[in-house]
Amino acid sequence: MEIKFSSIKVPSSLIPHEKEEIDQTKQISEYIYEAVRNSDVIDLDIDEKILFIYSIFTSKLVDNVLENSYSYLYGLKGYKYLSGDISIVLSETITFATLHTLYDVKIENILPFRTVKYLGTIADALIDLEKELKLAKELETESGLLFINVRAAMSPRSYYVVDKIWKSILNLELVRYPDNYGLISLLTRDKETLKESFIFITPQ
Amino acid sequence: MNCKNLNKAIVMLWVGDSKEAEEDAKECMNLLKEEIPNLRILIKEAKIEAESEYLLPKTLREKGLNPEDLLKLAMYELSRRIYLFSGDTKSKERSGVIYLWLDLGVKKILRGYCEDCYGYVSTLLGSGFVVMVDGVIYAEFLGTDEDKAVESVLGAIKGHRKNK
């Protein structure tokens, strides 16, 4: 299946953490949203068969991700409601499939935590960069932990997407700050295709 | 990082080998359980102390809670879920491949794991397909029996095994 892909890097120094700073996390989320919308897009071909494999790491007991992805891809919504469970499972699956396709990330190096997110102090998944050289190279490092937050926004309303980016930053910073790496993986619908956006947060 | 078998436990659950998953999860819980109560107390305190949500990361660090500590709590909780909800073992084994056979009538699904497999295989079979990534296998068939399905999966991954 062919999807659109783009990525940007956000230095963590832009994100406020200190009492002396004003909380501008929301405004920064708006800038990130604009940057994602305007960043260069590439076509990414994902072997749809691997989506079945990455269902290992999804947080909800939902199968048939491939069939569901095509309903979104072809815009076959009709008179029905979009399902949040399906869109998040789809986003989780495509996140890991993208990491495999672009960065050769190995299954044994992925730890999913979305099922214990109620703790309030953990992201959705973790990859140890020391074991994933290609991904580490993308982030210009050799070590560190990459905490991933997975999001899906199938509605085109911008405030809705900004809100998701904002919540992701707050969530990621809890575990990432100050020295580790963050990734907000955002799946959206872009006309007749799915668009996967990687927003990397790098320590600085 | 502790609990290096936690990822394996998740894969084992997916192929229906609950016993193996439970053992790995139990090991992780035992490794971490002594530290967990104190971590929970510190996190609770930090949440009360932080005046605003954006200040919580720094407050957590000031309390001595680093990312590794938060990770320990998450790994403990995850292994606890695996341990509690793993259910019955439904997997089988053949030629070093642990697999789960799901007969849905019109469609049959095989999920598998092979310790000595590596790389990536993706191929169409006569009446279905098989895909293998880093030892994890998924295959679908229309109208075949379990024995033939396992045979064709073994055939498809043959070139990607260390112990030939």
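The views below all show a predicted model.

**View 1. Helix H4 of chain A on its sheet.** H4(A) covers residues 84-103. The helix lies across S1, S2, S3, S4, S5, S6 and S7 of chain A. Its direction is at about 135° to S5(A), the strand of residues 145-153. Strand S4 spans 125-128 and strand S7 spans 193-202.

**View 2. The open sheet of chain A has 7 strands.** Their order is S2-S1-S7-S6-S5-S4-S3, and the pairing is mixed. S2 (42-45) and S3 of chain A are the edge strands, each pairing on one side only. From one strand to the next, the twist averages 30°. S1(A) and S2(A) run antiparallel and are joined by 4 bridges. Within this pair, Phe5(A) has Ile42(A) in S2(A) as its bridge partner.

**View 3. Two backbone features in loops of chain A.** Most residues other than glycine have a negative phi, and most peptide bonds are trans. Asp104(A) is not a glycine, yet its phi is positive, at about 55°. Asp104(A) sits in the loop between helix H4 (84-103) and strand S3 (110-112) of chain A. The peptide bond from Tyr177(A) to Pro178(A) is cis, with omega near 0°. Pro178(A) belongs to the loop that runs between helix H6 (158-176) and strand S6 (181-190) of chain A.

**View 4. A salt bridge joins Glu138(A) and Lys9(A).** Side chains of opposite charge can pair when their charged atoms come close. Here the N to O distance is 3.1 Å between Glu138(A) and Lys9(A). Glu138(A) is in helix H5 (133-138) and Lys9(A) in strand S1 (2-11) of chain A, so the pair ties together parts 129 residues apart in sequence. Over all chains, the structure holds 32 salt bridges.

**View 5. The open sheet of chain B has 6 strands.** The order is S1-S2-S3-S6-S5-S4, with antiparallel pairing. S1 (92-94) and S4 of chain B stand at the edges with a single partner strand each, so one side of each has no neighbour in the sheet. Neighbouring strands are turned by 20° against each other on average, direction ignored. S2 (97-103) and S3 (108-114) of chain B run antiparallel and share 7 bridges. Leu102(B) stands opposite Ile109(B) in S3(B). Helix H1(B) lies across S2, S3 and S6 of chain B, at about 150° to S3(B).

**View 6. Chain B meets chain A through 45 residues of chain B and 49 of chain A.** Between them, the two chains bury about 3,700 Å², with 68% of it on carbon and sulfur atoms. The count between chain B and chain A is 4 salt bridges. Lys19(A) forms a salt bridge with Glu51(B), with the closest N and O atoms 3.3 Å apart.

**View 7. The side of chain B that touches chain A.** Elements giving two or more residues to this side are helices H1 (6-14), H3 (36-49), H4 (56-62) and H5 (67-85), and strands S4 (120-125), S5 (128-133) and S6 (136-141) of chain B. H5(B) gives the most, with 10 residues. By class, this side of chain B has 28 nonpolar, 4 polar and 13 charged residues.

Notes. Residues are numbered from 1 along each chain as its sequence is written. Chains are lettered from A and ligands numbered from 1 in the order in which they are written. This is a predicted model: local features need pLDDT of at least 70, side-chain atom pairs count only at pLDDT 80 or more; totals for chains, interfaces and linings use all residues. Side-chain values use heavy atoms; hydrogens and water are left out. Contact means heavy atoms within 4.5 Å. Buried area is the accessible area (1.4 Å probe) that two parts lose on being put together, summed over both. A salt bridge is a side-chain nitrogen of Lys or Arg within 4 Å of a carboxyl oxygen of Asp or Glu. Ala, Val, Leu, Ile, Met, Phe, Trp, Tyr, Cys and Pro count as nonpolar, Asp, Glu, Lys and Arg as charged, and the others, Gly among them, as polar. Two strands pair if DSSP finds at least two bridges between them. Axes are lines fitted to C-alpha atoms, for helices over the stretch in contact, and angles run from 0 to 180 degrees between N-to-C directions.
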